[in-house]
Amino acid sequence: MAASAAVALALAGCSSPSSNRDSGGGDADTGKITTQSQAIDANAKGPAPEIEGSRKGGNLEVQAQTTPATFDPTDNYYVDANGISKLVLRTPTQFDIRDGKPTLVPDLTDVGTPSADGLTWTFKMQQGIKYEDGTVVKVEDLAYAIKRSFAHDVYPNGPAYQLAYFKDGDKYKGPYTSGDTYSGVETQGTDTLIIHLRQKFQDLPFYMSFPLFTPIQKAKDTKQDYKNHPIATGPYMFDTYQAGTKLVLKRNPNWDPKTDPVRHAYPDTFTFNWGVDLVKSQTAVLNSNGADANAINYDPLDSSLIPQLKGKETQLLQGQSSCTIVWQLDSRKIPLEIRKAIAKAWPYDASFKAGGFNDYVAERASTVLPPSVPGYEKYPPVPDLSGTGAGDPEGAKKMLEAAGKVGFEISYYYDNTKPIPQQVSQVRTDALTKAGFKVKAIGVATADLRSKTSDYDAPVNTGQSPRGWCSDWPTGGSWFPVLFKSSSVADGSTWGMLADKELDKKIDDINNLPTEQATPKWAALDKEIFEKYIALPLYYDKLALVQGTNVGKSVGDPTTSLPVLSSMYLKS
């Protein structure tokens, strides 16, 4: 998934277009985590249980350095906008964060029932749900929203799984171009939505938690202008919006908490301010003078503020996130023995330090899946892929000598307009040069970095994007089929540029299983893929956010890297 504005500071060319920090890691102890299991609660019903100590009232201010890209539900593939949109938009399913882990629960519909062949899914819709203007949500509005998601010429940034999995998804171009008749979606009566697939998609109920599945009335679809005021079905609605700067949400009088198993509406208003100075904002929130006591900043904790946490530990919201950050190695251009030598020489610890990371916001990685995703297993790291250590340039040089490849050129793009990427690049260059490689580090401007790293025909052999991945939903099905199949290269979402038909079949075989059966099988494939040395695991992103003294106990959402905004409240 596209990264949040918070994660944006930590990723350069991640799954998601929003980050500028370079590689790093962390030393947090994950010994208590072994293997995650899948969680679905098909029987969850509203209203959501009240939160102990909560109260209604007040304005809660939410601050961040980076601006969300869009609030159009069809074009929304960024986790920060997704997290904020949960206050405004309801979807067929949603996630309830329980003990820090996501559990899929019903929202506008149930969690779905597949046909015997897995190619038809039926979802039953709750009746009586209303939009902010009091209009009743119809099942046809859900169907229209799905049809709208195929208009990728208009909404190019939205997720595209439906194009590959839904029946005729490769032919239908959305209602503006192809009309309303589409064979992949139909409705029956007033409460039944039916989705027809061209191939099995066991994770469909998880995908339907995405904003693109929020209902949209055809008559009120203002196309490109819809992002300025998406019509609310959740507990809050747009009041005022200055794109790129500020959003104020107020209560939606037509939201019924009895129909919602997860959301609350405690503050009277939410005010989002973007473009703030990260350190100044976080310092003000920690000091909590005046209105700053009612604020939260969802950027990752800046390392310079760690000393200020003493005595203020209750103001730090910590939790798991949904991202693994890596440094790619192009298997088309670098032989396996050379990829192993790169891993042997890699300066994990020095890169972490130069990147300005800390243990609050980053945990050293050694797997594809991060700890927050069911199917994660902390297996013994593949040699030299532990995400830790000073590197062994001498050992790497011996490997190059044995292969007759001393002087092999390693090339990559980096941001030469900011000090941190420059520092990390120098650390990387020094270590690889000492190991006997020739390093060609190509400096580019921030504005050009994404287009350069996403060009798989560019004259580089490492560091292409995505330089990380964040869960689209918390299953291995949103990782392995997207990143490691042969088709991933053409899709622009590959780690390592693999083209392995045998691996393709293994991924498909697991992905076609029911989710609860597939979950425990991803870990073995995780290790097998890393044994191909197609990427160097750097770190798992972690949640470490500061909040004011008057903000009640918050919960981190590992699916968005934000707090669970719909559970937040002010103490007084």
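Reader: Which residues of helix α8 (residues 336–345) are buried?

Author: In this predicted model, the buried residues of helix α8 are Ile-338, Arg-339, Ala-341, Ile-342, Ala-343 and Ala-345. The elements that cover them include α9 (348–354), α10 (393–403), β14 (409–415), α11 and β17 (535–547).

Reader: What makes strand β1 (residues 59–64) largely enclosed by the rest of the structure?

Author: A residue counts as buried when its relative accessible area is under 20%, and 5 of the 6 residues of β1 are buried, so the strand is largely enclosed by the rest of the structure.

Reader: Which strands are joined to β1 by bridges, and how do you know that they are paired with it?

Author: Two strands pair if there are at least two bridges between them. Strand β10 (residues 269–274) is joined to β1 by 6 bridges and runs parallel to it, with Ala-64 standing opposite Trp-274. Strand β11 (residues 295–297) is joined to β1 by 3 bridges, again in the parallel sense, and there Ile-296 is the bridge partner of Val-62.

Reader: Why are β4 (113–114) and β6 (185–188) said to stand at the edges of their sheet?

Author: The sheet in question is an open one of 4 strands, in the order β4-β5-β7-β6 and with antiparallel pairing. Each of β4 and β6 has a single partner strand, so one side of each is left without a neighbour in the sheet. Strand β5 (residues 120–124) and strand β7 (residues 192–196), for their part, pair with one another in the antiparallel sense over 5 bridges, and Phe-123 stands opposite Leu-193 of β7.

Reader: Why is the pair of Tyr-207 and Phe-213 called edge-to-face?

Author: The structure holds 36 aromatic pairs. In the pair of Tyr-207 and Phe-213 the ring centres are 5.1 Å apart and the planes stand at 85°. Rings pair if their centres lie within 6.5 Å, and planes over 60 degrees apart count as edge-to-face, so with these values the pair is edge-to-face.

Reader: Are these two rings buried or exposed, and which cluster do they belong to?

Author: Tyr-207 has a relative accessible area of 0% and Phe-213 has one of 1%; since buried means under 20%, both residues count as buried.

Reader: How do you know that the charged end of Arg-428 sits over the ring of Trp-327?

Author: The charged end of Arg-428 is 3.9 Å from the centre of the Trp-327 ring, and a charge can count as sitting over a ring when it is within 6 Å of the ring centre and within 35 degrees of the ring normal. Arg-428 also lies over the face of Tyr-412, at 4.7 Å from the ring centre.

Reader: What makes Cys-323 and Cys-470 a disulfide, and why is it called right-handed?

Author: Their sulfur atoms are 2.1 Å apart, and a pair of cysteine sulfur atoms within 2.5 Å is a disulfide, so the two residues meet the criterion. The torsion about the S-S bond is about 100°, so the disulfide is right-handed. The pair links distant parts of the chain, with Cys-323 in strand β12 (residues 316–328) and Cys-470 in strand β16 (residues 468–470), 147 residues apart. Both Cys-323 and Cys-470 are buried, and a search of the whole structure finds 1 disulfide.

Reader: Why is Thr-549 called partly exposed, and where is it found?

Author: Thr-549 is found in the loop between β17 and β18 (556–557). Its relative accessible area is 40%; buried means under 20% and exposed over 50%, so Thr-549 falls in between and is partly exposed. Leaving aside its neighbours within four places in sequence, Thr-549 is in contact with Ser-288, Ala-293, Gln-315 and Lys-571.

Reader: What pLDDT does the protein chain average, and over which residues is the pLDDT below 50?

Author: The protein chain averages a pLDDT of 92, and 93% of the residues score at least 70. Over residues 2–36, however, the pLDDT is below 50, although this stretch has 155 contacts in the model beyond near neighbours in sequence. Where pLDDT is low, the predicted coordinates should not be read in detail.

Key
Residues numbered from 1 in each chain as written. Predicted model: local features only at pLDDT ≥ 70, side-chain atom pairs only at ≥ 80, totals over all residues. Heavy atoms only, no water. Buried < 20%, exposed > 50% of the residue type's maximum accessible area, 1.4 Å probe, protein only. Helix = DSSP H or I, 4+ residues; strand = E, 2+ residues; numbered from the N terminus. Contact = heavy atoms within 4.5 Å. Phe/Tyr/Trp six-rings, centres within 6.5 Å; stacked < 30°, edge-to-face > 60°. pLDDT = per-residue confidence, 0-100.
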